[in-house]
Amino acid sequence: MRLRLRFDPQAPILLGTGRDLQQVRESLEVIPGSAVLGALARPLLASAGICRTHPMVPSQPVPPELQRLLSELQISPLYPVPVEALMGDATTDWQSVEVLPAPCTARTCKRHPGFADPAPGTEQGGDGVVDLWLDRTIHGTSRAHCPRDKGHRLERFRASLYRVGHKPRRYGQASLPTRSQTRVGISRPTETAAEGILFQVEPVEPRRLRQPLSNGDTPSQENSLETGFVFIGEAWLPDDLWQLLAESFGSLDSSSITAPVAIGGLLARGFGQGHLTISVTDESRASLVERLQLFGAAQEKGLPDLLLPGLLRSPWPLEEPGLSPLEEVLSSLAPPPRLQERLEPAPAASALETHPWGGWSMAWGLPKPRRQALAAGSVVTFRLKNYNPDQDHEPLIAWLAQCEERPSSRECGAGWITWFDPFHFDLGATKEGSR
Ligand SMILES: [Zn+2]
């Protein structure tokens with residue numbers, strides 16, 4: 001079953017980036033799915049009476065059902081959304097807000113970056129954002145310019161995005177402030193501040209300073225912060241395990257769980273505290289059918305092939321050195337045989353970025369090999385040759401829906417994909433740029 005996740009933070013959050021400088025610990029602003037799973041695992045194991053008292057004492061065996069829950073639960077990254085976007089109008093509730101990384105095909109003005117008419121919650125607007133996917137694949141042009149001034153240059157648009165509304169869809173950009181804090185190292189023998197050992201932590205601050213009270217007083221420091229951002233994402237769980245998850249958190253509601261959790265690093269200092277809400281959603285395929293129609297109609301009439309663009313919403317670790325990244329993604333998506341023989345990668349219509357994945361971790365104490373992963377925001381495109389809507393429509397929708405609902409990656413938090421993301425369409429360069 002498909003689930004929606006919402007995290008309401010009550011403290012700064014420190015999410016490891018894997019590339020810390022020596023004395024500086026920076027934070028990601030997107031919560032990886034594996035960090036959410038870790039945050040859920042702690043109370044789940046504790047409620048089953050499993051807690052390790054000493055590293056040398058072997059831990060008790062985990063009950064098989066709980067073990068299955070922890071290994072089958074797949075969680076997408078949680079992207080930040082300003083609370084104003086949830087309250088924009090009465091019809092916008094958090095369940096309908098969509099989150100995505102800016103695709104690698106998105107460009108914005110170098111001088112005034114950002115959306116020209118952003119969704120509620122994004123204060124700073126810019127000259128506009130354009131997407132190159134449609135232009136590159138269908139019109140064969142990749143020249144685009146700033147929507148407001150042809151003299152301005154474009155640059156790659158990197159941001160955490162959210163989408164609200166239906167007709168029209170509006171986009172906004174969430175960017176969390178960081179809050180630098182200098183910490184002092186402790187000298188173990190004397191248990192005092194060690195001389196010369198300072199380190200800086202830079203957690204993201206999802207809260208905002210509250211406005212001064214109406215009587216002119218400023219609220220006290222403790223009460224002056226309120227939630228500025230929530231984090232939204234998705235998850236997948238086998239139907240029969242929902243009961244166990246709900247019961248473990250003492251939920252009486254059959255379709256929703258809210259639990260206090262702590263996410264990320266420096267939990268002992270109070271970071272990462274908040275409430276996680278997990279809600280059952282209906283698995284409607286209507287949106288996917290609509291998106292396929294939109295993109296199918298845009299691709300030139302009379303062409304026998306159909307291009308399938310997929311936006312990666314999470315990193316995608318690469319494991320097969322013998323395959324190209326596109327071939328590897330296609331094979332792990334396991335298309336049904338009758339489609340597979342006609343599917344091929346379309347590198348010219350794809351836009352990929354990679355980053356290192358894995359590596360040394362304090363939890364294992366031993367080095368793990370560093371691999372490459374496709375970065376979130378990469379656009380993978382496949383070509384379905386000789387597309388015949390009468391015969392192919394149904395198996396195609398079934399396969400695409402399966403890829404979207406349940407990630408095929410073996411690593412938690414990886415492998416989330418959206419087909420035909422409307423972003424390519426709504427911000428297509430020809431539409432915006434030629435005006
Ligand atoms: Zn401009």
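The model is a predicted one, and the protein has 435 residues, of which buried residues make up 36%. Its secondary structure consists of 11 helices and 24 strands. Among the contacts in the protein with a separation of 6 or more, 71% are accounted for by residues 24 or more positions apart.

**The nonpolar core**

- The largest nonpolar core contains 89 residues, and those with the most contacts inside it are Leu5, Val36, Leu78, Tyr79, Val81, Tyr162 and Ile232.
- At least three residues of this core come from each of two domains, namely domain 1 (2–29 + 33–76 + 177–280) and domain 2 (286–431).
- Tyr162, one of the core residues with the most contacts, is in contact with Tyr79, Val81, Ala85, Val97, Glu98, Val99, Ala119, Gly172 and Ala174, once its neighbours within four places in sequence are left aside.

**Helices H6 and H9**

- Two packed helices are described by the angle between their axes and the distance between the axes.
- For helix H6 (residues 286–298) and helix H9 (residues 389–405), the packing angle is about 120° and the axes are 10 Å apart, while the crossing of H6 past H9 is right-handed.
- On the H6 side the contact is made by Leu288, Val289 and Leu292, and on the H9 side it is made by Ile397, Leu400, Ala401 and Glu404.
- Sorted by class, the residues in this contact of H6 with H9 comprise six nonpolar, no polar and one charged.

**Positive phi values in two loops**

- Ala334 lies in the loop between helix H7 (325–332) and helix H8 (337–340), and its phi is near 45°, a positive value in a residue other than glycine.
- Ala334 counts as exposed because 12 other C-beta atoms lie within 10 Å, and a residue is exposed if that number is 12 or fewer.
- Phe420 is found in the loop between strand E24 (417–419) and helix H10 (422–426), and its phi, near 50°, is likewise positive in a residue other than glycine.
- Phe420 is buried, because 23 other C-beta atoms lie within 10 Å and the cut-off for a buried residue is 20 or more.

- Leu66 belongs to helix H2 (residues 64–72) and is partly exposed, with 19 other C-beta atoms within 10 Å.
- Apart from neighbours within four places in sequence, Leu66 is in contact with Leu44 and Ala48, and its C-alpha atom is 9.7 Å from that of Ser248, a residue 182 positions away in sequence.
- Trp242 is located in helix H5 (residues 242–248) and is also partly exposed, with 18 other C-beta atoms within 10 Å.
- Not counting residues up to four places away in sequence, Trp242 touches Met1 and Leu237, and the C-alpha atoms of Trp242 and Ser254, 12 residues apart in sequence, are 9.1 Å apart in space.

**An exposed loop glycine**

- Gly270 occurs in the loop between strand E16 (256–262) and strand E17 (273–280), and it counts as exposed because it has 11 C-beta neighbours inside 10 Å.
- Between the C-alpha atoms of Gly270 and Ile13 the separation is 9.1 Å, although the two residues are 257 residues apart along the chain.

Notes: Residues are numbered from 1 along each chain as its sequence is written. This is a predicted model: local features need pLDDT of at least 70, side-chain atom pairs count only at pLDDT 80 or more; totals for chains, interfaces and linings use all residues. Helices (H or I, at least four residues) and strands (E, at least two) are DSSP runs, numbered from the N terminus. Axes are lines fitted to C-alpha atoms, for helices over the stretch in contact, and angles run from 0 to 180 degrees between N-to-C directions. A crossing is left-handed if the near helix is turned anticlockwise from the far one by less than a right angle, and right-handed if clockwise. Two residues are in contact if their C-beta atoms, placed from the backbone, lie within 7 Å. Ala, Val, Leu, Ile, Met, Phe, Trp, Tyr, Cys and Pro count as nonpolar, Asp, Glu, Lys and Arg as charged, and the others, Gly among them, as polar. A nonpolar core is a set of buried Ala, Val, Leu, Ile, Met, Phe, Trp, Tyr and Cys residues joined through C-beta atoms within 7 Å. Domain bounds come from an automatic or database domain assignment.
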